[in-house]
Structures are given as C-alpha cells and as structure tokens.
Amino acid sequence: MTTEAAPPHGSAGTPTAGPTAEEFGAVQQSAEFAELRSSYRSFAFPLTVAFIAWYLLYVLLSNYAGGFMGTKLFGNINVALVFGLAQFATTFLIAWMYSRHAAAKLDPKAAAIKARMEAGE
C-alpha cells in the first residue's frame, strides 16, 4: 500500500528539533498552564458530576419508582421515555456547551502556549 502524500515537513532526512522534556516541564509548571488547566477543570468537573447525578437519578427511578416512571403523560408517552430522551438531549447540550467553552476560553490559551513553545521561548 502506497500513498501519494508528501512527507511531513522536516522529514526528508533532517530531524526537526522539538521541545525538550525540560521545556515541557517548565511549561507545565507555568502560571499560564495552571490557568488553562483550571479553566478546563472548572467547566468539566461540575458538569461531569451533574450529568452522572442526573443519570443515576434516572437509573434509580427506573429501578425503584416504577409507578412514577410508568405514569402516562399523553398517549403512550410516559415519564420514563421522557427522562430517557432527556438523557440524550443533555448529552448533546453538554457537548455543545463544552465546544463553545473550549473555543472561547481553552483554545486561545492553548494556542498561545503552543506558539511560545514552538518559538523556543
């Protein structure tokens, strides 16, 4: 199997110099990286906990509150079906919220850190 793609930049026999382990360590210890990590964690952890709690509520209600979950809302639609579909809706909502958060807050900070590392600063 062959490809027609050109070799990556710098791979024609001349290895490109990348950041060293010490440079990665220095960046990891920097205040800017700590701010990036904090911004990520302050978004991801609370939403993860909230979603897991919401999911466990659904599971517990399904197991122990069958009468409530079987309550018909209209036609053949019951509370369990609405809660189950809401699980999908919240999954997509969280993914959308994360993509907006990452684009606005995380990506610019990560790009700045990456640019400085590539420039050798």
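Is Arg 116 buried, exposed or partly exposed? Arg 116 is partly exposed, with a relative accessible area of 31%. On this scale, buried means under 20% relative accessible area, exposed over 50%, and partly exposed in between (1.4 Å probe, protein chains only).

## Model and conventions

This is a predicted model, in which local features need pLDDT of at least 70, side-chain atom pairs count only at pLDDT 80 or more, and totals for chains, interfaces and linings use all residues. Residues are numbered from 1 along each chain as its sequence is written, and side-chain values use heavy atoms, with hydrogens and water left out.

## Overall build

The chain has four helices and two strands. Along the sequence, their order is α-α-α-β-β-α. These elements are DSSP runs numbered from the N terminus: helices are H or I with at least four residues, strands E with at least two.

Buried residues make up 14% of the 121 residues. A contact means heavy atoms within 4.5 Å. Of the contacts with a separation of 6 or more, 60% come from residues 24 or more positions apart. The accessible surface of the chain is about 9100 Å², and 67% of that belongs to carbon and sulfur atoms. Accessible areas come from the Shrake-Rupley method with a 1.4 Å probe; for residues, only the protein chains shown count as cover.

## Nonpolar cores

A nonpolar core is a set of buried Ala, Val, Leu, Ile, Met, Phe, Trp, Tyr and Cys residues joined through side-chain atoms within 4.5 Å. The largest one has six residues: Val 27, Leu 36, Ala 102, Leu 106, Ile 113 and Met 117. Helix 4 (residues 79-119) gives the most to this core, with four residues. Another core, of five residues, lies apart from it; Leu 61, Ala 65, Met 69 and Val 79 are among them.

Leaving aside neighbours within four places in sequence, Ile 113 is in contact with Val 27, Glu 32, Phe 33 and Leu 36.

## Salt bridges

Side chains of opposite charge can pair when their charged atoms come close. A salt bridge here is a side-chain nitrogen of Lys or Arg within 4 Å of a carboxyl oxygen of Asp or Glu. The count comes to three.

Glu 32 pairs with Arg 116, the closest N and O atoms being 2.2 Å apart. Glu 32 lies in helix 2 (residues 31-64) and Arg 116 in helix 4, so this bridge ties together parts that are 84 residues apart in sequence. Glu 32 is partly exposed, at 28% relative accessible area. Glu 35 forms a salt bridge with Lys 109, with closest N and O atoms 3.3 Å apart. This pair also links distant parts of the chain: Glu 35 is in helix 2 and Lys 109 in helix 4, 74 residues apart. Glu 35 is partly exposed, at 46%.

Glu 118 and Lys 114 form a salt bridge at 3.8 Å, N to O. Both lie in helix 4, four residues apart, about one turn of the helix. Glu 118 is exposed, at 61% relative accessible area.

Phe 83 is in helix 4. Phe 83 and Tyr 58 are 25 residues apart in sequence and 6.8 Å apart in space, C-alpha to C-alpha. Beyond neighbours within four places in sequence, Phe 83 is in contact with Trp 54, Tyr 58, Leu 61, Phe 68 and Met 69.
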